[in-house]
Amino acid sequence: MDPNDDTRNRPAEGSPAIEVETEAVDLGNLPAVRREHLPGVLVVFPLVRSVPFPGLIMPVLAEAGDETATMEKAVAQGNFVGLLHAPGAAPPWRREHFAATGVVAQVHKRIKLPDGNSNYICRGLRRFVVEKWVRMGSVLIAQVSYPEEVYPPGEEVEALARNVLKLSQQVAAHQPALGDGFSLAAANMEPAGNLADFCAAYLVKDAAEKQALLDEYDVGRRLRAVDEALTRELVMLELGDRIQQEIRARVEEQQKQFFLREQIKIIRRELGEEQEPQEADRELFLGRLEKGDYPEEVADRVRAEVERLATIPPMSPEYPVARNYLEWLTELPWRVSSEDRIEIDRAQKILDRDHYGLKEAKERILEFLGVRKLKPDHRGAILCFAGPPGVGKTSLAMAIAESMGRRLERMSLGGMRDEAEIKGHRRTYVGALPGRILQMLRRAGTNNPVIVLDEVDKIGMDFRGDPASALLEVLDPAQNHAFLDHYLDLPFDLSKVLFIATANVLPAIPGPLRDRMEVIELPGYVTAEKVQIVRRHLLPRQLAEHGLEPRRLKLPVATIRALIEGWTREAGVRSADKAVASLCRKRTLEIARRKRPRPELKPADLEKYLGPPRFTDDRIRLRPEAGVALGLAYTPYGGDVLEIECAAFSGRGRVGFTGSLGEVMSESCRIAHSFLRSRRRELGIPEAAIAEQDLHVHFPAGAVPKDGPSAGAAIACAMLSRLTGRRLRARLAMTGEITLTGEILPVGGIREKVLAGRRMGVRTILLPAENERDVRQLDPVWTRGLRFVYVRRFEEVAAAAFTGRRGG
């Protein structure tokens, strides 16, 4: 092996050792070493990256320090050293680091290097097996034995040796670095075992495969293994040569074509026949005009712009601007429409396949599709799906597009502040482009896709304009047949586009824009619906995304219910989807670690995978103490249950309030306090309690802004509870606006509030009497297990809400 290899502890594998041998040592006169002259105890030098073989000259690089000390100790004890493969290991050494079989080598020469390291020229003599480690430390010493090689009888060994020699010469022919010396040395290798070792050392690449050959004492099996390895290597080399030849031929052909094209270009230039860029673009755009179907006004504009393009020098900055405008004019789908394939039964199946529940929303969508089927050019209202996050607004729009056979495009309006995003920039600006509506139409390739306008309630406004006002023209069926984009400056018909908007908070949508849309409200799901959604949709999808077979992870209904109630209380199912994804990730990790977990997860197992439950009934006090009442609130993300706390202390009969309250809710606190003072005797409030005590009303979660009049009744109950020391009934919540005369006025958001109360464990809900009609419209599944008490005055609220017990 090449002694010039400076890799640490690695005999070289690429260059033959014949040239080096004559320089370092006169190898031809080296005496043979008999087996009985070999020591039974050897100093061992670890080879980290390569495998030694007998019969070869091996340069071993020893770094200054322990490695050089090891080699010098070997030299001092008879010039014999044991070379042993220790793949990827490092000090401190352990027995399991080393292979069982190594090579005893004779050290012939030390070459000192400028960096302080030393290169020792060693000759491999014979295989040895470690019988016992005598010493493990900076210098390794082992007791070894020298098993004999086994030569099988017959002529098979001779035949294998000839085949190995032939293969080695063929492989060497593909590796010029080996030179002619390799083939000559291989032809003179005797006996057959030495030939196998020689070929393995130079031509086998994998260290593990080399060690396996070193471990083999049966020469026949060793030759056969070398034969197989060389055959594989020869096939790979021939394949590599063939690939290289193909690449070379292809590159040469490309170079040839390039030179020919350059020559043709020069010839045409000399003959005055070279085509100018203007002429090429003229042919391109006029060709599109002939092949496509364009309105007459658009066709006239294209022809005029093509004539104008011919007068602009190609190097002028105006040229790409004019060309880009023509690209947009000719690539927009002015009269290209996809055919609607509306089948009501198929649409019903798609909606039921992708969504569970949402009965009212599905019914309204099917009505919409039925009208479109009977009257394809119907210009009805724009649909707007409104509801909390995670209830399926965008996925419903995707289901509509699939059931109609139309392309789907989506645009998020959240945070949009520039009306040019809708109507485009005028071409006088650098980098001007059409608005995103026309960009989506160009991408869809048809003039009747389904376009989803996400987060329409989160549009902004600043000095650059009002995008909500720009949307009025887009969404108005009476105007969008001639939508004018600032960039195109030509009317485009948007009447065939099906626009679907989504929103979380309806009041946040500007009034004129909301009037142009038909709102379909999507309430939150009850627990039973969420269980079915997880079982039918979320769990199968997450299993597929994480590469898990269904038999690997099973969630019974009880487990899903526990997951929803303890970890994912929300109106939608977005957090439930994240929780199921977390379970799939942890199960995937267990399988990757070759564990065999039980497929079925029980409710008690969830805490192990997801941590402690995030929600418990104790988070809100379902059995409140005196001075605490539960109110129902409406939020952009569904309903919620609020704790309202009231504390009393010596003072002058004043009231304070905290908890990030808005102006309307602050007024509700003052109104409730004034009402209680005015009806002190009827409500049984001691005069000293109301006149000589100050009240402090607090709404927990103080960082969350709160506003609205619907907490008035609950605020009055909290104050009355504190002043009289009476507790409210367990699992009772309420909503309703209170007046100074004690009337309970109706409020909105009843559906969301009822769902929130049910989700949080409330059993009795006090509502204004006029909201009874809203409860009747709710799905019976949502109200099952709930008791509703309808009230008109606060006296009825107090009678239904308070127990006779007193508390601190």
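Buried here means under 20% relative accessible area, exposed means over 50%, and partly exposed is anything in between, with a 1.4 Å probe and protein chains only. Helices (H or I, at least four residues) and strands (E, at least two) are DSSP runs, numbered from the N terminus. With that in hand, helix α19 (residues 557–567) has Thr559, Ile560, Leu563, Ile564, Gly566 and Trp567 buried. The cover over the buried residues of α19 includes α18 (527–545), α20 (574–592) and α21 (606–610), where contact means heavy atoms within 4.5 Å. As background, an α-helix has 3.6 residues a turn, so residues three or four places apart point the same way.

The model is a predicted one, in which local features need pLDDT of at least 70 and side-chain atom pairs count only at pLDDT 80 or more, while totals for chains, interfaces and linings use all residues. Residues are numbered from 1 along each chain as its sequence is written, and side-chain values use heavy atoms, with hydrogens and water left out.

Taken as a whole, the protein chain comes to 29 helices and 24 strands. Its radius of gyration, taken over C-alpha atoms, is 43 Å, well over the 28 Å that the globule rule (2.2 Å times the number of residues to the power 0.38) gives for 808 residues, so the chain is more spread out than a compact globule. The C-alpha trace spans about 125 × 90 × 55 Å along its principal axes. Buried residues account for 49% of the 808 residues. Of the contacts between residues at least 6 apart in sequence, 75% join residues at least 24 apart. The chain exposes about 39,700 Å², and carbon and sulfur atoms supply 50% of that; these areas come from the Shrake-Rupley method with a 1.4 Å probe, and for residues only the protein chains shown count as cover.

Next come the aromatic rings. Rings of Phe, Tyr and Trp (its six-membered ring) pair if their centres lie within 6.5 Å, and planes under 30 degrees apart count as stacked, over 60 as edge-to-face and the rest as tilted. The structure holds nine aromatic pairs. In one of them, the ring centres of Phe98 and Trp133 are 5.0 Å apart with the planes at 40°, so this pair is tilted. Phe98 sits in the loop between β3 (80–85) and β4 (101–112) and Trp133 in strand β5 (residues 118–135), so the pair ties together parts 35 residues apart in sequence. Phe98 counts as buried at 9% relative accessibility, and Trp133 does too at 11%. Another pair, Phe675 and Phe794, has ring centres 5.5 Å apart and planes at 80°, so it is edge-to-face. Here Phe675 belongs to helix α22 (residues 663–678) and Phe794 to helix α29 (residues 794–801), so the parts tied together are 119 residues apart in sequence. Phe675 is buried at 0% relative accessibility, and Phe794 is likewise buried at 0%.

The charged end of Arg427 sits over the ring of Tyr325, 3.7 Å from its centre. Arg442 lies over the face of Trp328, at 4.1 Å from the ring centre.

Thr502 is part of strand β12 (residues 498–503) and, at 1% relative accessibility, counts as buried. Its side chain reaches the backbone nitrogen of Glu455 at 3.2 Å. A polar contact of this sort is a pair of N or O atoms within 3.5 Å; within protein, one must be able to donate a hydrogen and the other to accept it, and residues adjacent in sequence count only if both atoms are side-chain atoms. Beyond its neighbours within four places in sequence, Thr502 touches residues including Phe385, Lys393, Val452 and Asp457.

Most residues other than glycine have a negative phi, and most peptide bonds are trans. A cis peptide bond, with omega about -5°, joins Glu190 and Pro191, and Pro191 lies in the loop between α4 (179–187) and α5 (192–203). Ser660, not a glycine, has a positive phi of about 60° and is partly exposed at 36% relative accessibility.

Notes. Lys NZ or Arg CZ within 6 Å of the ring centre and 35° of its normal.
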